[in-house]
Amino acid sequence: MTGIVIVGGGASGVLLAAHLLRKRHPSLAVTIIEQRAELGAGVAYATQDPDHLLNVRAANMSAFSDQPEHFFQWLRTDAPSFGDGLPEASSFAPRRTYRDYLQSLLAPHLADGRLRLVNARAVAITETSDGVSVAFEDGAHIIADHAVVATGNEGPKLPLAPWRHNGWNSSPVPDLPAGAPVAIIGTGLTMVDWVLTLLHSGHRGPIVAISTRGLTPHAHRAISPVPLDAATVPFGEPLSRTTRWLRRWADRIEAGSGDWRSAIDALRPHTQRLWQTLPLAAKRRFLRHARPWWDQHRHRIAPQAAEKLAHARRTGQFRVIAGRVQGFAERNGGVDIIVATRGTRERPTVFARAVFECRGRASNVHDTDNTLLRSLLATGQARSDALNLGLDVTGDYALIGQSGDPSGRLHAIGPVTSGVFWEVTAVPDIRIQAANLAHKFLRVA
């Protein structure tokens with residue numbers, strides 16, 4: 001019997017377990033360790049807000065690449081209803097519905113005992129000569145043959161304050177007067193969630209979103225797919241040449257009455273290789289200068305969400321400021337936010353009763369509050385990737401230790417490997433990792 005422990009029961013962990021168990025291998029025992037009350041939640045899918053929609057169409061959200069309509073068919077036959085009529089392949093389902101789908105993948109395996117769920121916080125993993133030992137916060141531990149770190153996304157580490165709220169938590173709206181001014185730091189996908197949550201809760205006060213460049217996500221549109229030959233992609237070239245090539249590629253598509261979205265989507269199968277062949281200095285320049293524009297075009301939102309934001313902007317309730325936050329000064333039960341606006345010497349002050357911190361993912365894994373990751377780094381069983389975004393892994397997801405040697409028993413998948421693979425935060429990318437790692441385990445089970 002081969003025992004595999006997956007630490008993390010969000011999308012990454014659930015997808016891996018689903019791929020491991022779908023073949024019904026008789027000699028495989030799988031355990032998921034998850035501190036949340038339910039599987040499939042994680043940062044993305046813990047929300048209960050019906051206005052929080054998937055950012056990918058139903059047709060592209062199957063857990064299994066070889067069954068591309070799996071999620072769409074589940075929506076039509078087994079999902080809780082949403083909207084009017086039957087969903088279409090182009091529908092953007094509520095994210096809480098996708099959580100139900102992830103749970104449905106594992107329910108039969110939990111029922112027949114092939115999958116074990118442990119609701120606990122894993123704080124350490126120790127690799128031994130014949131297996132791994134996973135230790136819990138209460139001092140208990142379990143033994144297995146292999147362990148996989150699938151702890152998902154982490155938000156930025158921020159100082160506590162009574163007026164500051166962690167936008168990465170799917171928590172209820174704090175108790176605020178309906179007309180209170182609210183500020184959101186960050187203008188990406190997490191900002192979109194909180195604006196929609198505030199609007200859905202009946203909030204009537206002004207909402208100001210602040211980020212250095214003031215870029216907000218574009219909306220999805222119905223587009224025609226465009227083929228992209230890998231031979232035309234400038235793998236290994238400097239960042240300046242790569243960005244020029246991408247702009248020209250998008251311009252050519254638009255000149256032919258197409259849409260730039262087709263260019264970005266056509267690049268998707270090549271993005272990981274493009275990232276991995278970029279020189280390290282170019283990756284750093286990308287993160288420092290180009291990433292906001294990439295995120296704005298690559299990580300798009302459902303048309304329904306875009307229209308709600310547009311309406312709030314038209315009415316004046318919601319606005320965006322391009323500028324850098326210089327500091328905070330508490331005043332009258334709220335806070336003054338000092339902003340250096342982009343392209344000017346102005347330093348306006350924005351007053352807010354509540355500030356939702358919605359900045360991007362944590363930028364340095366060494367600053368993590370995750371006890372397990374800190375333990376793996378401290379013991380040398382893992383090392384950070386070259387950019388410190390997450391854990392360093394091989395091409396087949398084995399953790400690389402401080403010595404530079406890959407582990408035979410410790411692995412990682414999902415966003416915690418984004419420094420190595422970059423595009424590995426969305427289900428269509430994570431399911432490929434899950435399938436590949438499951439195949440690797442099943443070969444030796």
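Reader: What should I know about the numbering and the model before I start?
Author: Residues are numbered from 1 along each chain as its sequence is written. The model is predicted, so local features need pLDDT of at least 70, side-chain atom pairs count only at pLDDT 80 or more, totals for chains, interfaces and linings use all residues, and side-chain values use heavy atoms, with hydrogens and water left out.

Reader: How many helices and strands does the chain have?
Author: Helices (H or I, at least four residues) and strands (E, at least two) are DSSP runs, numbered from the N terminus. Here the chain has 13 helices and 16 strands.

Reader: What does the radius of gyration say about the chain?
Author: It is taken over C-alpha atoms, and the globule rule is 2.2 Å times the number of residues to the power 0.38. For 445 residues, a compact globule would come near 22 Å; the chain has 22 Å, which agrees. Along the principal axes, the C-alpha atoms fill a box of roughly 65 × 55 × 50 Å.

Reader: What share of the residues is buried?
Author: Buried means under 20% relative accessible area, exposed over 50%, and partly exposed in between (1.4 Å probe, protein chains only). Of the 445 residues of the chain, 51% are buried.

Reader: How far apart are the mean positions of the positive and negative charges?
Author: Lys and Arg count as positive, Asp and Glu as negative; His and the chain ends are not counted. Each charge is placed at NZ of Lys, CZ of Arg, CG of Asp or CD of Glu. The chain has 50 positive and 39 negative charges, and their mean positions are 6 Å apart.

Reader: Which residues of the largest nonpolar core touch the most other members?
Author: A nonpolar core is a set of buried Ala, Val, Leu, Ile, Met, Phe, Trp, Tyr and Cys residues joined through side-chain atoms within 4.5 Å. The largest has 72 residues, and Ile6, Leu16, Leu20, Ile33, Phe71, Tyr98 and Ile125 touch the most other members. Helix H1 (residues 11-21) gives the most to this core, with 8 residues. Another core lies apart from it, with 24 residues, among them Trp249, Ile253, Ala263 and Ala266.

Reader: Why is helix H1 called largely enclosed?
Author: Because 11 of the 11 residues of H1 are buried, the rest of the structure largely encloses it. Among them are Gly13, Leu16 and His19.

Reader: What does leucine 102 touch?
Author: Leave out residues up to four places away in sequence. Leucine 102 then touches Ala11, Val14, Leu15, Gly40 and Tyr45. Leucine 102 lies in helix H4 (residues 95-111). At 0% relative accessibility, leucine 102 is buried.

Reader: And which residues does phenylalanine 71 touch?
Author: With residues up to four places away in sequence again left out, phenylalanine 71 touches Leu54, Ala58, Met61, Ser62, Ala93, Tyr98 and Tyr101.

Reader: Where is tryptophan 422 found?
Author: Tryptophan 422 is in the loop between helix H12 (418-421) and helix H13 (427-444). Tryptophan 422 has a positive phi of about 65° although it is not a glycine.

Reader: Where is histidine 366, and what does it touch?
Author: Histidine 366 is in the loop between strand S14 (354-357) and helix H11 (371-378). Not counting residues up to four places away in sequence, histidine 366 touches Leu377, Ser384 and Asn388. At 46% relative accessibility, histidine 366 is partly exposed.

Reader: Is alanine 378 buried or exposed?
Author: Alanine 378 is exposed, with a relative accessible area of 68%. Alanine 378 lies in helix H11.

Note on methods:
Contact means heavy atoms within 4.5 Å.
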